[in-house]
Amino acid sequence: MRPAPILLALLLVVSVSAAPVRQHGAHVHGEATLNVVRDGNALSIWLNAPAMSLLGFEHAPRDDAQRHAYDKALDILREPAAWLVPAASGG
């Protein structure tokens, strides 16, 4: 076999194996981070939680029960006054 085809094959193998792989960040089930910022009279919140912790699954809803769980979770999260009660001492 001639050296050029072997070299070309090796370069292809190296370039394919060096391709970047996209991965999700690490997370812990049952753990969430809630950031709350007060700026004057405005209160901003940011919740970071694995879907498993909120829904019981980590993929797009696959059936009616999962779609219902997803919709219910969104409804709850969209109404933070129902689950986030600031302390009176915070003004």
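Helices are DSSP runs of H or I with at least four residues, strands are DSSP runs of E with at least two, and both are numbered from the N terminus. Gln 66 lies in helix 3.

The model is predicted: local features need pLDDT of at least 70, side-chain atom pairs count only at pLDDT 80 or more, and totals for chains, interfaces and linings use all residues. Residues are numbered from 1 along each chain as its sequence is written, and side-chain values use heavy atoms, with hydrogens and water left out.

**Overall layout**

The chain has three helices and two strands. Along the sequence they follow the pattern α-β-β-α-α. The chain has 91 residues, and 5% of them count as buried. Buried means under 20% relative accessible area, exposed means over 50%, and partly exposed lies in between (1.4 Å probe, protein chains only). The accessible surface of the chain is about 7,900 Å², from the Shrake-Rupley method with a 1.4 Å probe. Carbon and sulfur atoms hold 60% of this surface. A contact means heavy atoms within 4.5 Å. Among contacts in the chain with a separation of 6 or more, 25% come from residues 24 or more positions apart.

**The hairpin**

Strand 1 (residues 33–39) and strand 2 (residues 42–48) run antiparallel and are joined by seven bridges. Two strands pair if DSSP finds at least two bridges between them. Val 37 stands opposite Ser 44 in strand 2. Two residues sit between the strands of the hairpin. Gly 40 takes a positive phi near 65° there.

**Helix 3**

How many salt bridges are there? The count is one. A salt bridge puts a side-chain nitrogen of Lys or Arg within 4 Å of a carboxyl oxygen of Asp or Glu. Asp 64 forms it with Arg 67, and the closest N and O atoms are 3.1 Å apart. Both residues belong to helix 3 (residues 64–77). They are three residues apart, so about one helical turn separates them.

| Residue | Relative accessible area | Class |
|---|---|---|
| Asp 64 | 59% | exposed |
| Gln 66 | 17% | buried |
| Arg 67 | 37% | partly exposed |

What does Gln 66 touch, leaving aside its neighbours within four places in sequence? Its contacts are Phe 57, His 59, Ala 60 and Pro 61. Gln 66 is buried at 17%, whereas Asp 64 is exposed at 59%.
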